[in-house]
Amino acid sequence: MAVNKKLGLTALGAAMAIGLTACGGEGAGAASGEAPAATAAPEELTIGVSMPTQTSERWIADGNAVKSQLEEAGYKVELQYANDDIPTQGQQIDQMLTQGADLLIVAAIDGTALSSQLQAAADANVKVISYDRLIRETENVDFYVSFDNFKVGVAQGTALLTGLGVLNADGSAGTATGPFNVELFAGSLDDNNAGFFFDGAMSVLQPKIDDGTLVVKSGQTSIEQAATLRWAQETAQKRMEDLLTGSYADGSKVQGVLSPYDGISRGIITALQGNGYTTPLPVVTGQDAEIASVKLINDGVQSSTIFKDTRELAAQAVTAAEAFLEGTEPEANDTETYDNGVKVVPSYLLPVETVYKADIQSKLIDSGYWTADEVAKGQSD
């Protein structure tokens with residue numbers, strides 16, 4: 001099959017190599033504080049890669065993609081997962097610096113919780129690339145690689161309206177006029193992306209709420225009310241159960257749910273099924289094309305997901321790191337949007353795609369992201 005996301009892009013990884021330090025403490029993280037020489041051989045440089053959790057298929061794929069692309073080019077990589085524990089992530093980054101990492105790629109659990117570690121990195125001339133989740137409230141973040149997160153939200157809001165028939169797949173007006181009962185879910189408030197996703201979605205949905213096409217029966221329309229701590233599936237399931245009990249006990253039905261992430265979507269779906277909803281279920285959106293949710297989409301249970309190709313994001317992180325280690329600046333395609341509270345962080349944003357059932361073959365299987373067998377099983381090999 002095509003190159004699998006769990007292996008990375010072999011050719012691309014080799015072409016976009018970055019350098020990494022041996023863990024002997026002689027790189028930029030050493031006491032000397034000297035930046036690594038641009039001519040250092042790959043085996044003389046180490047990069048620390050800090051990922052938030054292994055409870056999400058998406059983050060496992062990201063970590064593997066970054067690591068494999070670097071290692072295929074001959075570099076050393078220290079990859080750590082923090083299991084959604086903020087102190088653990090801080091300790092892991094401290095250890096990477098102590099062992100002499102020359103550059104850090106960090107997907108933060110809490111974007112405001114790593115100030116001391118990043119100050120230590122800056123003191124040692126170690127560049128920091130913020131990966132997908134913007135690191136906030138510090139000047140010591142040098143570059144940001146992500147997808148266009150506001151557009152992710154726009155795509156999710158559009159997918160909800162499309163699933164309801166308010167819009168057609170091509171974006172034109174559909175025949176359905178509502179009113180439709182919908183509920184809104186957002187991500188974790190300590191993740192900077194959650195606000196972009198929610199704001200993007202509401203830029204599409206709020207006009208339809210205002211004109212009565214959509215009705216949020218619970219009245220919970222703010223991101224604070226809709227937030228899901230740590231993006232947890234079980235937390236989303238409990239909130240959906242509470243919404244059904246509190247707002248739909250009169251026999252009315254919810255017809256659509258804005259979900260910002262596939263794990264949250266599965267929690268919502270479990271709550272709906274537990275409350276007597278049968279296929280076809282209400283329209284439920286998602287994000288990350290996790291294999292369990294791709295199967296649900298293929299089975300007609302979940303309506304859609306937003307596909308963010310982790311292989312491409314990993315490749316962009318590699319490209320940015322290579323530039324830094326060569327003593328140059330990475331190419332940014334956005335220098336205005338991502339203000340972390342201290343500075344605007346130069347960014348490279350990648351596009352996203354909406355996946356409905358009809359798109360699984362062309363967008364996910366033909367590209368080698370998942371195989372047909374994985375989609376059928378709902379499990380990765």
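Residues are numbered from 1 along each chain as its sequence is written, and side-chain values rest on heavy atoms, with hydrogens and water left out. Because the model is predicted, local features require pLDDT of at least 70 and side-chain atom pairs count only at pLDDT 80 or more, whereas totals for chains, interfaces and linings use all residues.

The chain contains 13 helices and 12 strands, these elements being DSSP runs numbered from the N terminus (helices H or I, at least four residues; strands E, at least two). Of its 381 residues, 56% are buried; buried denotes under 20% relative accessible area, exposed over 50%, and partly exposed the range in between (1.4 Å probe, protein chains only). Among contacts (heavy atoms within 4.5 Å) with a separation of 6 or more, 74% join residues 24 or more positions apart.

In soluble globular proteins, nonpolar side chains tend to be buried together. A nonpolar core is defined here as a set of buried Ala, Val, Leu, Ile, Met, Phe, Trp, Tyr and Cys residues joined through side-chain atoms within 4.5 Å. The largest such core comprises 31 residues, and Ile47, Met51, Val66, Leu103, Ile105, Ile129 and Tyr131 have the most contacts inside it. At least two residues each are supplied by strand 1 (46–51), helix 2 (57–72), strand 2 (76–81), strand 3 (103–106), strand 4 (127–131), strand 5 (143–147), helix 11 (310–325) and strand 11 (347–350). Helix 11 contributes the most to this core, with 8 residues. Another core, of 24 residues, lies apart from it and includes Val152, Ala155, Leu243 and Val301.

Strand 3 and strand 4 pair in the parallel sense over 4 bridges, pairing being assigned where DSSP finds at least two bridges between two strands. In this pairing, Leu103 stands opposite Lys127 of strand 4. Strand 4 is mostly covered, with 4 of its 5 residues buried. A parallel pairing over 4 bridges also joins strand 5 to strand 11, with Tyr144 opposite Ser347.

In a regular strand the side chains alternate between the two faces of the sheet. Strand 11 is covered on both faces: Ser347 and Leu349 on one side and Tyr348 and Leu350 on the other are all buried. Ser347 has a relative accessible area of 0%. Leaving out residues up to four places away in sequence, Ser347 touches Phe143, Tyr144, Ala332, Asn333, Asp334 and Tyr338. Asn333 is 14 residues from Ser347 along the chain, and their C-alpha atoms are separated by 6.3 Å. The side chain of Ser347 also reaches the backbone oxygen of Val345 at 2.8 Å.

Helix 5 (residues 149–164) has 16 residues, which at 1.5 Å a residue should span 22 Å; its end C-alpha atoms lie 23 Å apart, in agreement with this value. The expected span is 1.5 Å times one less than the number of residues. Among the buried residues of helix 5 are Val152, Ala155, Gln156, Ala159 and Leu160. The helix is followed by Gly165, whose phi is positive, near 90 degrees.

Thr285 is located in the loop between strand 9 (283–284) and helix 10 (291–298). This residue is buried, with a relative accessible area of 0%. Beyond its neighbours within four places in sequence, Thr285 is in contact with Gln156, Ala159, Leu160, Val257, Leu258, Ser259, Ser265, Gln302 and Ser304.

Asp242 belongs to helix 8 (residues 233–247) and counts as partly exposed because its relative accessibility is 41%. Asp242 and Ala271 are 29 residues apart in sequence, with a C-alpha to C-alpha distance of 9.2 Å.

Notes
A polar contact is a pair of N or O atoms within 3.5 Å; within protein, one must be able to donate a hydrogen and the other to accept it, and residues adjacent in sequence count only if both atoms are side-chain atoms.
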